[in-house]
Amino acid sequence: MTATALLDTSNIDTNQPPFILIDGSYYMFRNFHALPLSMQTTQGLHTNSVRGTLNAIKKLIDKYQPTHMAIAFDTKSPTFRHKLSPIYKGDRPEMPAELAEQIPYIHA
């Protein structure tokens, strides 16, 4: 049997609500690909990622009832990872326009 690393949680006060940190870019992409692209407003704006991302965040809030949370998103500009490896995320296809149009609504 291999050893498993365990996080020592003995100092955590379980009576305090947690601080939740969310990878917003992960949720945004996951929900875009998980939900049907046919989800649109009457004006034709795609909403599958917006709806899925907000629903996922709402589930976290309902389950854990945090007093604080933060959502972080990837930046457009290159990061130190791009300098370390010229092929960092280089094999990924370009972002679909249907997802790009939803980003301002997710950020808001």
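Reader: If rings of Phe, Tyr and Trp (its six-membered ring) pair when their centres lie within 6.5 Å, with planes under 30 degrees apart counted as stacked, over 60 as edge-to-face and the rest as tilted, how many aromatic pairs does a search of the whole structure find?

Author: The search of the whole structure finds one aromatic pair. Its partners are Tyr26 and Tyr27.

Reader: Before we go on, what kind of model is this?

Author: It is a predicted model, in which local features need pLDDT of at least 70, side-chain atom pairs count only at pLDDT 80 or more, and totals for chains, interfaces and linings use all residues. Residues are numbered from 1 along each chain as its sequence is written, and side-chain values use heavy atoms, with hydrogens and water left out.

Reader: Back to the tyrosines, then. How are the two rings arranged?

Author: The arrangement of Tyr26 and Tyr27 is tilted, with 50° between the planes and 6.0 Å from centre to centre.

Reader: Is Tyr26 buried, partly exposed or exposed?

Author: Tyr26 is partly exposed, because its relative accessibility is 45%. Here buried means under 20% relative accessible area, exposed over 50%, and partly exposed in between (1.4 Å probe, protein chains only).

Reader: Let us change topic to charges. How many salt bridges does the structure hold?

Author: The structure holds one salt bridge, the term being used for a side-chain nitrogen of Lys or Arg within 4 Å of a carboxyl oxygen of Asp or Glu. In this model, Lys58 is bridged to Asp62, and their closest N and O atoms are 2.7 Å apart.

Reader: Which element do those two residues lie in?

Author: Both Lys58 and Asp62 belong to helix α2, which covers residues 48-64. They are four residues apart, about one turn of the helix. Helices (H or I, at least four residues) and strands (E, at least two) are DSSP runs, numbered from the N terminus.

Reader: How do Lys58 and Asp62 count for accessibility?

Author: Lys58 counts as partly exposed because its relative accessibility is 47%. Asp62 also falls in the partly exposed class, because its value is 44%.

Reader: What separates Phe19 from Thr67?

Author: Phe19 and Thr67 are 48 residues apart along the chain, while their C-alpha atoms are separated by 7.0 Å.

Reader: Now Met28, please. Where is it found, and is it buried or exposed?

Author: Met28 is located in helix α1. Its relative accessibility is 3%, so Met28 counts as buried.

Reader: How far apart are Met28 and His107 in sequence and in space?

Author: The sequence places 79 residues of separation between Met28 and His107, and the C-alpha to C-alpha distance is 9.9 Å.

Reader: Which helix does Arg81 lie in, and what about its accessibility?

Author: Helix α3 contains Arg81. A relative accessible area of 40% is why Arg81 is partly exposed. Between Arg81 and Ile12, which are 69 residues apart along the chain, the C-alpha separation is 33 Å.
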